[in-house]
Amino acid sequence: MLAEIMTRFDRGPLPEHERHHTPADHRPGGAPLQLTPGPDAWVALVALHPPRERLDAAASAIETMIETFSREHSIGGAAVLRHHDGHHVVALVRIGGHEAYRQLTAASDDFKLHLEGRGAAEHHRMGLWRIVRAVGAFVLDPAAGEAYVLGPAVTGTPSVTLESDDQTQTTTLALDRQNSAERMRIVKTIASS
């Protein structure tokens with residue numbers, strides 16, 4: 001399925017009558033995505049660092065990759081976030097654990113090769129993390145218009161702490177209450193499959 005999408009993507013711009021009939025719906029928005037801690041609360045974090053002029057294309061591409069993956073594999077929802085001044089796109093995908101991560105990594109590797117061939121991504125990273133703590137109810141809601149930050153959170157701010165699969169690193173995803181230089185906004189959430 002992914003190869004079919006990529007072949008179509010490589011043919012150039014879609015004719016007007018086909019523009020709104022792509023395999024992924026790229027309209028912003030989506031349903032709220034709640035993140036809660038637990039022993040099986042795994043997420044994959046995917047970071048793309050495209051050239052600034054290709055940021056929208058990179059966000060659309062990662063949405064397509066996630067939606068295509070979710071047609072064949074179960075996900076617990078996903079969110080695509082964009083850095084406020086165009087440095088990167090981050091996707092967070094709730095998955096079932098190590099096997100799902102291996103499958104997502106394979107799909108992501110194929111997708112990365114395609115993006116590099118088109119000049120859409122200069123750098124791509126992916127990691128498996130577990131949600132280990134939450135402060136308040138943490139919901140990624142496109143309709144709320146909130147900004148988020150990966151990094152230190154203000155005490156009491158709704159947030160989730162993520163621990164790397166090898167348990168050597170932690171990071172926090174939080175509402176941005178300080179107008180941080182690293183703030184991100186939700187482009188879209190993708191429903192569970």
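**Exercise 1.** Which residues does Val 89 touch, not counting residues up to four places away in sequence?

Before we start: this is a predicted model, where local features need pLDDT of at least 70, side-chain atom pairs count only at pLDDT 80 or more, and totals for chains, interfaces and linings use all residues. Residues are numbered from 1 along each chain as its sequence is written, and side-chain values use heavy atoms, with hydrogens and water left out.

*Solution.*
- Take contact as heavy atoms within 4.5 Å.
- With residues up to four places away in sequence not counted, Val 89 touches Val 46, Ala 47, Leu 48, Leu 55, Ala 58, Ala 59, Ile 62, Val 80 and Leu 81.

**Exercise 2.** Find the residues that touch the most other members of the largest nonpolar core, and the element that gives the most to this core.

*Solution.*
- A nonpolar core is a set of buried (under 20% relative accessible area, 1.4 Å probe, protein chains only) Ala, Val, Leu, Ile, Met, Phe, Trp, Tyr and Cys residues joined through side-chain atoms within 4.5 Å.
- This core has 25 residues, and Ile 62, Ile 66, Ile 75, Val 89, Val 93 and Ile 95 touch the most other members.
- Helix 2 (55-72) is among the elements that give two or more residues; helices (H or I, at least four residues) and strands (E, at least two) are DSSP runs, numbered from the N terminus.
- With 7 residues, helix 2 gives the most.

**Exercise 3.** Is Ser 159 buried or exposed?

*Solution.*
- Locate Ser 159 in strand 8 (residues 159-164).
- Its relative accessible area is 6%, so Ser 159 is buried.
- Among its contacts, not counting residues up to four places away in sequence, are Arg 133, Phe 138 and Leu 173.

Conventions. Buried < 20%, exposed > 50% of the residue type's maximum accessible area, 1.4 Å probe, protein only.
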